[in-house]
Amino acid sequence: MTKWSMVIDLDKCVACQGCSIACRFENNTPIVVPSEAALGRSILWNEVFPLRSEGEGAIASDQAKFLTRPCMHCEDPPCVKVCPVGATYKDEEGIVRQNYTRCIGCRLCTVACPYGVRYFNWYEPDWADSIERPLNPDRLEGPRDLEGPSVRPQGVVEKCTFCIHRLHKARERAKAEGRDFRSDEYVPACVQTCTGKARFFGDLDDPESTVSQLAQSRRAFRLLEDAGTHPKVIYLHEG
Amino acid sequence: MPIIELIGSFFTSAGPGGITVILVIALAALVSFILIRWILQGEEVDKTRILKRNR
Amino acid sequence: MRAGQTYHPENQHEELILAPVRAISSRDRTLWGALVGILFIGVIVYIRQFILGLGVTGMNRPIYWGVYITNFVFFIGLAHSGTFISAILRLAGADWRAPLTRAAEAITLFSLPFGVASILVDMGRPDRLLNIILYGRFQSPLLWDFTAVSLYLFSSVVFFYLSLLPDIALCRDRLTHVPTWQQRMYQILALGWKGTPTQYHRLEKTLDGMAIFMSLVVVTVHTVVSWVFGMTIQPGWHTALIGPFFLLGAIFSGTAAVVIVLAILRKTYKLAEALPISLFNSLRKLLIVFTLSWLYMMVAEHLTIFYGNLPDEMEVFWQRVTGDFAWIFWLMIFLVFIIPLYIFIFKGKDSIKWMVAASIMVNVGMWLERYIVILPTETRPRLLYELVQGKYTPTLTEWAITLSLFAGLTLLYAVFTRFFPIVPLWETVEKLEPEKFNLRQRPTFGRKRKERK
């Protein structure tokens, strides 16, 4: 079975935030005005943080200065456990999904996530009103299902989806061409854009994939490893 | 129709879910109804017992 | 007993207790009008929030829950007052509680809907409320919450109604000068209550059984409410003590609320004879026990955290004790514990004024306590570098809605007291021989099976 995972090499990351920007454009993330940003209401599915190298909140490394963080897509996600309506759920391939149609906006998943990867639409999503911003037309839609880059309504939770729309497109293309889908055929936008080539993506269940091999590196670690969430985003600290 | 969706969701959702809520409240309503009816049906019974006590 | 006529046990305070129900004064209308006004403002403010989104509140990232959730926990906690007095004390055979059961239960009945309203106000998509039924996952603490609170609300209505039934019949028979619609209301609601010995006997037995059930429900409800926080792994929330902590806090603030309500009723409706000062003295003793128990909980929780010194937990600990929330934390300690304990022990005996003052402080302090449980954890996530913000200032929207919720509770209560007797007449009889009509005179447990005289 496929188990999608991401490896981020902090040695190569230069904190250019290209990943965050690519993600925003790929996924139609709404922008917020400065007063909202000051309140901390910016929506950044992938966020880049400066880190303290020692003291409180220090990460297990003595040289890492920045961290880029998508959703961990945990194998035992605390958010999925507490959702009252199943708007967030884990699919068979290990991606933690978010269904905007079903979400009731209770925000229990948001407070339950120990990594803080979830965001809420405080208002109706808005883009700059003077320029007609080109939205990514990809949608993931079903009868009672709206996911991925689909334009969100107000009052729902959203988060990184490992660009699931790209996965679906790649699968459809393989089917249309009458061949099997290969797990290296799709990468999320952040992985594709990374200027330092620091991000890798693939199937953790495939022993020959890049992520499987990098996961065994001496430099590999995961965030909050002892919290029982089993995150699937693996970091390689500076070596 | 919501009722068909409701029954459908019983078979498709991950857990017992909304059905449990409905069942709990329905059970409470049923018990309440039966109890209230039982209380109100208490009519004069066994006058002989009261007469015996007053002796 | 003549055929066709309902029997009402003789209560020496009947006229006194029925007096408020006979007439509605212009002062009442002014009060109700003002409360409706505040409620109306709250509705308008909420509609604006519904249209624009929750962004009009002060909530942000990472403070996704704020005043609304605090209100939710507070109102549900307030509801525990009635059940504690009418159910738990009933089982303990504390007969002194009889005059205030209905007043206390009314607090329960009228505060629960506003607890539910608080949650609805906090939802991002309240129009999708039905999703909880259609797609509900019982693995989620919110579903347990939903079930428990719904069950509590439903059973409270039934329990309240049953306790009220003989008195509705009394109103139907005695209050002949009220408007026709009101008479009709009593007739319908009385369900043909006749007051036969068997009916009373069955009613008592049902209330006994329901008292046991309600006691179990009460313990479940607030524990389950606390588990919405306790079942996450966030520092400050994930503690086994959170269930008992919330439960005790609820019974504590609820009992204090009963004192306040009782004092107001006593004064406004001149019910001093029916609600003697001995009631306040009994409540005072309970409140002393609760205040000390609350201290126990606080010490158990905070000492354990402090001694263990886990970094994640200590961040939240210091946030409360010396950090951004310190002034609220220490104000709470004063309002919930230090001042009320002093008042209860040294000033409260035979003094309604002091009891009310202390009880008001307890309730304000307990609202702050709920705030202190919820907020600091959100401002100190485990991954501290994630903290871009961490300050929360509730907006006018949140305060307006909070105020309107309290106004709604007061309104429902005030209107109720003008249509139904707030002191249960049939439970406070003194002239009747209890054996003749099988009325409760001894505790439920420990009662001898055969008690023929």
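Is Val362(C) buried or exposed? I looked this up before anything else. Val362(C) has a relative accessibility of 0%, so it counts as buried. The cut-offs are under 20% relative accessible area for buried, over 50% for exposed and partly exposed in between, with a 1.4 Å probe and protein chains only.

**Ground rules**

I am working with a predicted model, where local features need pLDDT of at least 70 and side-chain atom pairs count only at pLDDT 80 or more, while totals for chains, interfaces and linings use all residues. Residues are numbered from 1 along each chain as its sequence is written, chains are lettered from A and ligands numbered from 1 in the order in which they are written, and side-chain values use heavy atoms, with hydrogens and water left out.

**Entry 1: Val362(C) and chain C**

I placed Val362(C) in helix H13 of chain C. Helices here are DSSP runs of H or I with at least four residues, strands are runs of E with at least two, and both are numbered from the N terminus. I then checked a contact along the chain. Ala256(C) is 106 residues away from Val362(C) in sequence, yet their C-alpha atoms are separated by 6.8 Å.

Next I took chain C as a whole. I found 14 helices and 0 strands. Its radius of gyration is 23 Å, close to the 22 Å from the globule rule for 453 residues, so chain C is as compact as a globular protein of that length. That radius is taken over C-alpha atoms, and the rule is 2.2 Å times the number of residues to the power 0.38. The C-alpha trace of chain C spans about 80 × 50 × 45 Å along its principal axes. Of the 453 residues in chain C, 62% are buried.

**Entry 2: the second largest pocket**

I turned to empty space. Rolling a probe the size of a water molecule over the atoms shows where such space is left. The search uses a 1 Å grid over the protein atoms alone: in a cavity a 1.4 Å probe fits but cannot get out, while a pocket is an open set with protein on both sides within 12 Å along at least five of seven lines, and lining residues have an atom within 4 Å of a point. Points are joined across faces, edges and corners, and the volume is the space filled by probe spheres set on them.

The second largest pocket holds about 870 Å³. I counted 27 lining residues, and those nearest the centre are Ile260(C), Val261(C), Ile264(C), Thr410(C) and Tyr413(C). Several helices of chain C give at least two residues each to this lining, among them H9 (242–268), H13 (352–379) and H14 (396–417). The lining has 19 nonpolar, 5 polar and 3 charged residues. Nonpolar covers Ala, Val, Leu, Ile, Met, Phe, Trp, Tyr, Cys and Pro; charged covers Asp, Glu, Lys and Arg; the others, Gly among them, are polar.

**Entry 3: the largest cavity**

I found 11 cavities of 30 Å³ or more. The largest cavity holds about 260 Å³. Which residues lie nearest its centre? They are Thr110(A), Cys113(A), Pro62(C), Glu378(C) and Pro381(C), out of 20 lining residues. Helix H4 (108–112) of chain A and H13 of chain C each give two or more residues to this lining. By class I noted 10 nonpolar, 4 polar and 6 charged residues.

**Entry 4: rings**

I counted 36 aromatic pairs over all chains. Rings of Phe, Tyr and Trp (its six-membered ring) pair if their centres lie within 6.5 Å; planes under 30 degrees apart are stacked, over 60 edge-to-face, the rest tilted. Trp4(A) and Phe181(A) have ring centres 6.4 Å apart and planes at 70°, so this pair is edge-to-face. Trp4(A) lies in strand E1 and Phe181(A) in the loop between H5 and H6 of chain A, so the pair ties together parts 177 residues apart in sequence. Trp4(A) is buried at 0%, whereas Phe181(A) is partly exposed at 21%.

I also looked for charges over rings. Here NZ of Lys or CZ of Arg must be within 6 Å of the ring centre and within 35 degrees of the ring normal. Arg41(A) lies over the face of Trp122(A), 4.7 Å from the ring centre. The charged end of Arg102(A) sits over the ring of Tyr135(C), 3.8 Å from its centre.
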